[in-house]
Amino acid sequence: MQIVKQSALALFLAVFTFTVSAHPHSFISLQTTLVTDGTQLSGLKMRWMMDEITSADLLYDAGNAKPGDDVWKKLAAEVMANVLGQHYFTEFWHNGQKVKFLNRPTEYGMSREGHQAVLTFVLPLAQPQPLAGQKYTFSTFDPSYYVDMSYAEDNDAQLPAGLQKRCTLAVHTPKPSEETLNFAVSLDKEDAPPEDMELGKQFAQQVTLQCQ
């Protein structure tokens, strides 16, 4: 069994460590599906596909490991621990209040798709939320905007089949000001935007769930 090399893993995890920041130097394609029993929302099933450069060290460490091998479990656990340290990089809102998450995902894993690494997990809400007549919004983003986290297509945020007649799900992509765009582009890898600027949030797509 191949042993994960600490140096390569540390290099990848540095993407999720915010001692240094910049305009996006890494890209994650998001897909999200709601986890529900039909009447309540209990979580978000997420699929994060890393860009090829970000994926390179992970896939090198994984070698020819087959799905389910211990090397994938170790990689997934290491990356997931860092994601948890940033509250899943996700904010979830209902009636102007943040909805809390459980501290650990109910399931998670990592795999290979071509030359890209894919992290999948279920983000569980601390308490199930009612659906009927309710409106929710959520966003997934890196606050520093070092990593661009986005939905390539609107249908990458999906409703389960059982909700499609009663609920709608829409992805809104913001249009930051030219001043904000220029500031992000001006940042180098060693530059960090002011925390109170919430640079990444200004580029974050917002998903709106509305149910009848």
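**Contacts and strands**

Modeller: T168 touches L159, T208, L209 and Q210, leaving aside residues up to four places away in sequence. This is a predicted model, in which local features need a pLDDT of at least 70 and side-chain atom pairs count only at 80 or more, while totals for chains, interfaces and linings use all residues. Residues are numbered from 1 along each chain as its sequence is written, and side-chain values use heavy atoms, without hydrogens or water.

Biologist: What makes a touch a contact?

Modeller: Heavy atoms must lie within 4.5 Å. C-alpha separation is given on its own: T168 and L209 sit 41 residues apart along the chain, with 5.8 Å between their C-alpha atoms.

Biologist: Which strand holds T168, and what makes a run a strand?

Modeller: T168 is in β10. A strand is a DSSP run of E with at least two residues; a helix is a run of H or I with at least four; both are numbered from the N terminus. By that count the protein chain has 5 helices and 11 strands.

**Pairing**

Biologist: Why are β7 and β11 called paired?

Modeller: Pairing needs at least two DSSP bridges between two strands. β7 (residues 135–140) and β11 (residues 206–211) have 4, so they qualify. They run antiparallel, and Y136 stands opposite L209 in β11.

Biologist: What order do the strands take in that sheet?

Modeller: The order is β4-β3-β7-β11-β10, five strands in an open sheet with antiparallel pairing. β4 (97–98) and β10 (167–172) are the edges: each has a single partner strand, so one side of each has no neighbour in the sheet.

Biologist: How many bridges join β1 to β2?

Modeller: There are 9 between β1 (residues 26–36) and β2 (residues 40–50), in the antiparallel sense. T36 has L41 in β2 as its bridge partner. Their hairpin has 3 residues between the strands, and G38 there takes a positive phi near 105°. β2 also pairs with β6, again antiparallel and over 9 bridges; M46 is bridged to F121 in β6.

Biologist: Why is Q129 called buried?

Modeller: Buried means under 20% relative accessible area, exposed over 50%, and partly exposed in between, with a 1.4 Å probe on protein chains only. Q129 has 14%, so it is buried. It belongs to β6 (residues 116–130). Its contacts include H94, V99 and Y136.

Biologist: What does the side chain of Q129 reach?

Modeller: The backbone oxygen of Q127, at 2.9 Å. A polar contact is a pair of N or O atoms within 3.5 Å; within protein, one must be able to donate a hydrogen and the other to accept it, and residues adjacent in sequence count only if both atoms are side-chain atoms.

Biologist: Is H94 buried or exposed?

Modeller: Buried, because its relative accessibility is 13%. H94 lies in β3 (residues 90–94), and its side chain makes a polar contact of 2.7 Å with that of Q134.

Biologist: How confident is the predictor overall?

Modeller: pLDDT is its confidence in each residue, from 0 to 100. The chain averages 86, and 84% of the residues score at least 70. Over residues 1–12 the pLDDT is below 50, though this stretch has 24 contacts in the model beyond near neighbours in sequence. Residues 17–22 also fall below 50, and that stretch has 24 such contacts too.
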